[in-house]
Amino acid sequence: MLISTPLLAATETPVGVWKNIDDVTGQAKALIEISANAGVLEGRIVQLFRQPDEEQNPICIKCAGVLHDQLVLGMTILTGLKKDGDEWDDGAILDPNNGKVYRCKIALVDGGTKLEVRGFIGISLFGRTQVWERQP
């Protein structure tokens, strides 16, 4: 009983490491570690999956402000997510490929083994969703 309680709690929150799956190609792109600070979630890139012909340690040349020309590895790309019922909302997600920041909400699915990550402009209707996979 004591062993199963922490495992159950881990699946009820997005805190942990997630494999980002590209919604266009279906390929794994990165591992993102989501952490909580005072009930607010944020996520940073902890590993990149790059093709041999791609830059192995890319910088975010299209990012604005303090993130411009910073390494993508280690970059915080999810910020400000707060629990709202069965999802976490009111956050932002950065796409390091184009440097754009989108509004974001996330929700656990499949018993906490997957995470639906929705980035959008304005209202959630105008956006796209990726499904990330929880990593052990």
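How many salt bridges does the count come to? The answer is four, and three of them are set out below. Keep in mind that this is a predicted model.

**Salt bridges**

Let's start with Arg44, whose side chain forms a salt bridge with Glu33. The closest N and O atoms of Arg44 and Glu33 are 3.2 Å apart. Arg44 sits in strand S3 and Glu33 in strand S2 (residues 28–37), so this pair links distant parts of the chain, 11 residues apart. Both ends get some solvent: Arg44 is partly exposed at 36% relative accessibility, and Glu33 is partly exposed too, at 31%.

Next up is the salt bridge in which the side chains of Glu87 and Lys105 meet, at 3.9 Å from N to O. Glu87 lies in strand S5 and Lys105 in strand S6 (residues 100–109), so the pair ties together parts that are 18 residues apart in sequence. Glu87 counts as partly exposed, with 24% relative accessibility, and Lys105 is partly exposed as well, with a relative accessible area of 22%.

Then there's Lys114 with Asp110, whose side chains meet in a salt bridge at 3.8 Å, N to O. Here Lys114 is partly exposed at 30% relative accessibility, whereas Asp110 counts as exposed at 53%.

| Pair | N to O distance | Relative accessibility |
|---|---|---|
| Arg44 and Glu33 | 3.2 Å | Arg44 36%, Glu33 31% |
| Glu87 and Lys105 | 3.9 Å | Glu87 24%, Lys105 22% |
| Lys114 and Asp110 | 3.8 Å | Lys114 30%, Asp110 53% |

**A charge without a bridge**

Now for Asp95, found in strand S5 (residues 87–95). What is the nearest side chain of opposite charge to Asp95? That would be Arg128, 5.0 Å away. A salt bridge needs the nitrogen and the carboxyl oxygen within 4 Å, so Asp95 is left buried with no salt bridge.

**Cysteines**

The structure holds one disulfide, and the partners are Cys60 and Cys63, with their sulfur atoms 1.8 Å apart. The link of Cys60 and Cys63 is right-handed, with 70 degrees about the S-S bond. Both cysteines are tucked away from solvent: Cys60 is buried at 0% relative accessible area, and Cys63 is buried at 4%.

Which residues make a nonpolar surface patch of about 260 Å²? They are Ile59, Ile61 and Leu71. Of these, Ile61 lies in the loop between strand S3 (40–48) and strand S4 (76–84). Ile61 is exposed, with a relative accessible area of 53%, whereas Cys60 is buried at 0%.

Definitions and conventions. Residues are numbered from 1 along each chain as its sequence is written. This is a predicted model: local features need pLDDT of at least 70, side-chain atom pairs count only at pLDDT 80 or more; totals for chains, interfaces and linings use all residues. Side-chain values use heavy atoms; hydrogens and water are left out. Helices (H or I, at least four residues) and strands (E, at least two) are DSSP runs, numbered from the N terminus. Buried means under 20% relative accessible area, exposed over 50%, partly exposed in between (1.4 Å probe, protein chains only). Lys and Arg count as positive and Asp and Glu as negative; His and the chain ends are not counted. A disulfide is a pair of cysteine sulfur atoms within 2.5 Å. Patches are made of residues with over 30% relative accessible area and no salt bridge: like charges are joined within 9 Å, nonpolar side chains (Val, Leu, Ile, Met, Phe, Trp, Tyr) within 5 Å. Accessible areas come from the Shrake-Rupley method with a 1.4 Å probe; for residues, only the protein chains shown count as cover.
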